[in-house]
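Dear colleague,

Please find below the structure that I am handing over to you. My notes on its pockets and on one residue follow it.

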Amino acid sequence: EDSAKAADSKSFAEVQELLTAFGGESMAADKAMRHIVTRVTDEGLVIELIDQPGDPLFEEGSDTPTEKMRGILSIIARVAMAVTNKVALAGHSFGSTGEDADSMNWQLSTNRVQQARMILLENGFDPMRVARVTGKADRDVAFDDPMDPRNNRIEVILLR
């Protein structure tokens, strides 16, 4: 158990290092890196791809990924191939108002995470490593204000 945890920690550190290395490649890569936040949890290495105010990763209100998101996911696919861990994907959306908002949030977060999964696979990621794909709507916000655009995010979790 402890040796498995140590091996995971080493793998996670390697992935974080590789991500950082990509950031130094160009100004475009540096701008893309501000959308990526990583943290290690009991579940594994969480790589969050977060909208920034005025700089979304999907076209507004749709599941169409921006070129920046495609580029980020291509980097994630390459970096994740350095390890063998299974992966879980989760889509999150910020809160919205209106009659159909709840159902739209569920649909949007689910469609976006499916788009992210497809882009990873297009970039050579092994589909058998995907353990689960979940749309979480606005039920698990990262920022206190449910309307904060940074609550729009995709999590790529390298599982322990």
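Contact here means heavy atoms within 4.5 Å. The model is a predicted one, in which local features need pLDDT of at least 70 and side-chain atom pairs count only at pLDDT 80 or more, while totals for chains, interfaces and linings use all residues. Residues are numbered from 1 along each chain as its sequence is written, and side-chain values use heavy atoms, with hydrogens and water left out.

His92 belongs to strand S3 (strands are DSSP runs of E, at least two residues, numbered from the N terminus). His92 counts as buried because its relative accessibility is 2% (buried means under 20% relative accessible area, with a 1.4 Å probe and protein chains only). Beyond its neighbours within four places in sequence, His92 is in contact with Ser109, Lys136, Ala137, Asp140, Asn151, Asn152, Arg153 and Glu155. With Glu155, the contact of His92 is also a polar one between side chains, at 3.3 Å (a pair of N or O atoms within 3.5 Å, one able to donate a hydrogen and the other to accept it; residues adjacent in sequence count only if both atoms are side-chain atoms).

The second largest pocket has a volume of about 160 Å³. Its lining comprises 15 residues, of which Glu43, Lys136, Asp140, Glu155 and Ile157 are the closest to its centre. A pocket is an open set of points on a 1 Å grid over the protein atoms alone, where a 1.4 Å probe fits, with protein on both sides within 12 Å along at least five of seven lines; lining residues have an atom within 4 Å of a point. Volume is the space filled by probe spheres set on the points.

Yours sincerely

How values were computed: Helix = DSSP H or I, 4+ residues; strand = E, 2+ residues; numbered from the N terminus. Buried < 20%, exposed > 50% of the residue type's maximum accessible area, 1.4 Å probe, protein only.
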